[in-house]
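Thank you all for coming; I would like to take you through a few local details of one structure. Please have the sequence and the model open while I speak.

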Amino acid sequence: MSMSWEQVRGLNYGTMGRSISAIMHQSNGGGERVRHSPAVYWRIDDESGEPVHIENATDVYRRATDGGMLHRAKTPYGFESRSGFPSRLFRAYESWPPPSDNELHPPDLLDPTEPRAVQIRGRDGWEVTFRHQHSADLVTYVIDAELGLALSWRYRAHWMELENPCLDEQFSRDIFTWTGPTREEDLEAHEREYIAQIEKQRLLDEMPRALPTWLPIRVGSNPSAGDPRTGALDLGVYSEQCNLVLRRWVTDIGEPKLEWPMDITPARHRQETGAWTYEIRSNDNLDVADCARIIDSIVPVDPPEREPHVIAAELDAERSSQRNAEITELLGTGRVLEDHFDGESLLIRTDFSDDAAWRSAALAALAPPPGNDDFGAALTCIDNREYDRLTVDHLLALIAHHPTYYAFLIDNQTITDPEQTVLVVDTSPNDDDPERPRGRTFRTIPEKMFAIEANLSLANMDFGEYADAADKDGVFRGFAEPVARLTGAEMIRISSMNTSTGALQSFHESMLESNYPYDTDLYERELTDLHQSAAVAMYDERWTIVGYQEYLDATAGDGAALSATVPMHDGGWWTVALAPDDRRPLAAMLVVPPPAVPAERDGSGPRVVRIPFDPPAFVSLSALTDDDPLVDRDAMRRAVIDAAGATYGSDRVSGGYPVLLRIPQIPGFLAGCHVTVSGEDIFYTAVVTDTDNEFIVYESPPEGIQFIGPD
């Protein structure tokens, strides 16, 4: 006999309010005995009979990893995590509440399939599969054909099943408490914040309210039909009471800090009345006269009995104490370097001659950019005398080959320099790369720390890009601003103005053939700087260079020039020097790096992976805009999380955001993603395909991974 979903659902509704016991098996192993007495009593024992979770109306007890029992008192606004908890089976009916017309809160599980007869651990049941409304993944339940209990739950690679279920077993309430030794369980930060917000709201609700006795009513109208000749008119008339926020504070104490969303709500009027200052903020464009009338109609309340200056002094002291505590925590006194070699951005104190100067320099380095107080450089400060006079060589030895690819040092020069310049060190393991020697350094002013840290941490820019842009004294003070920006058509026209050498002729032909879609920035440079940059570049026989000597000869003199870099689709780029007056080309040099050669696998080299796409042409990531064809980062993140979840279990996986903010929609383009699995960082690579929102995802092994195109 078949059954409809409505009939199967009715079977499960019949278990509401009834006690249940069973042995529960899960995809992560174990065979726990679970007993539940609605609505809040739970006891879970492991296979040896020892309790691992006990819960009643007032308390929760949980076995810690060290074997001790943790205790947490329930609060009116507390909550318990139910991820992987047997309530998915014991109280499955909560996943399909009775049908309702409330479209604001639809059920989580949608589109049930027709029930199918199956067996779970020797018991007959009805299997039903749903689509989860938030993730669009499939969730499968099996409902016991006799008892109506949920026997099984499956989601992706995770599952739970019941063995020997029993309804209406009589439990002594004594089994739902713990009398042995316990220790108090620390609340998570978000739980403490939530409880503090609830308590704050309770205190606010108890405060006396100074309410206005008058508010304006605005009357509007909207004609729907009529005749100007006769004066006949159908007029829809409506009224709307204004919406506003009425702020108040004791004038002599001072205005409190604005909180969101009041900080983005327009202020309409401010007025002092007695001991109070009142302010009206509203998204409605209120008339000033109406605002004044509202405030004049307020029935005031008494200010605090204590003197305003006493309260103001207390507030100042509390703010100062809180700020000092935040700074102390921020500056990381006592931290050990070796505990932070996991990809963090490190700011290390190496000079202990002046505590005040260290504090000043560190806070300047951590400061957010102007106009954006919510975001500063995400630095982990190390303030430990063990690293007094730490040298770059010693730092490199400590880091070895850990995933710490750059570091910032506040040294003696920082302390004594009026600009407080911070030393930036390349700590990446690239000893064999002559283009980027390990241990290379430059200095930067604190105002540029936010941008440097953000771009290096996201791999949006390379260390060398900043080092090369430092001023002649070795200090990076910002990138040169372009003096002009040329379109592709303008570059073609300019390239035709001088074809007197083989390199300039090739440059013009490249511009004619190129369909590079981005504009080209022009920078004003000294000829000596251009000459020096080309002269010190380290190219060997593997590189293809066109016009090198011509470029050196043309830039050997004194004076200024305009410089441009034009990337080409074959992976190379043209470096061009132009006359500053008419932008006539003076010299052009093509640089094409050697092609990547797949390494032979000997067990120690990188893993070689063949993908069905040719390596993409050069893409200027810094030139990408939101108007370019881009990958949906959230779709890529979901693909990476799904791949990691299939390997490690979705409940252990988080993160997965691509390191690049803009990812071009180019088949074969590679985007790195950091995934956290049970607190450990694992690097994944997502390959863009020729199908929207579909990606090929690989976990990067310790020996690395190298992608090659099709045969």
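When I say that residues touch or are in contact, I mean heavy atoms within 4.5 Å. This is a predicted model, in which local features need pLDDT of at least 70 and side-chain atom pairs count only at pLDDT 80 or more, while totals for chains, interfaces and linings use all residues. Residues are numbered from 1 along each chain as its sequence is written, and side-chain values use heavy atoms, with hydrogens and water left out.

Let me begin with Leu211, which, leaving aside residues up to four places away in sequence, touches Ser297, Ile298 and Val299. Leu211 sits in the loop between helix H3 (189-206) and strand S14 (217-227), where helices (H or I, at least four residues) and strands (E, at least two) are DSSP runs numbered from the N terminus. Leu211 counts as exposed because its relative accessibility is 53%, the cut-offs being under 20% relative accessible area for buried, over 50% for exposed and partly exposed in between, with a 1.4 Å probe and protein chains only.

Turning to helix H11 (residues 488-495), we find Met491, Ile494 and Ser495 buried. These residues lie on the same side of H11, because they cover an arc of only 95 degrees around the axis, taken from the directions from the helix axis to the C-beta atoms. Among the elements that the buried residues of H11 pack against are helix H12 (502-513) and strand S26 (520-526).

Finally, Gln420 belongs to the loop between helix H8 (412-416) and strand S22 (422-426). Its contacts, again without residues up to four places away in sequence, include Ala357, Thr414 and Pro446.
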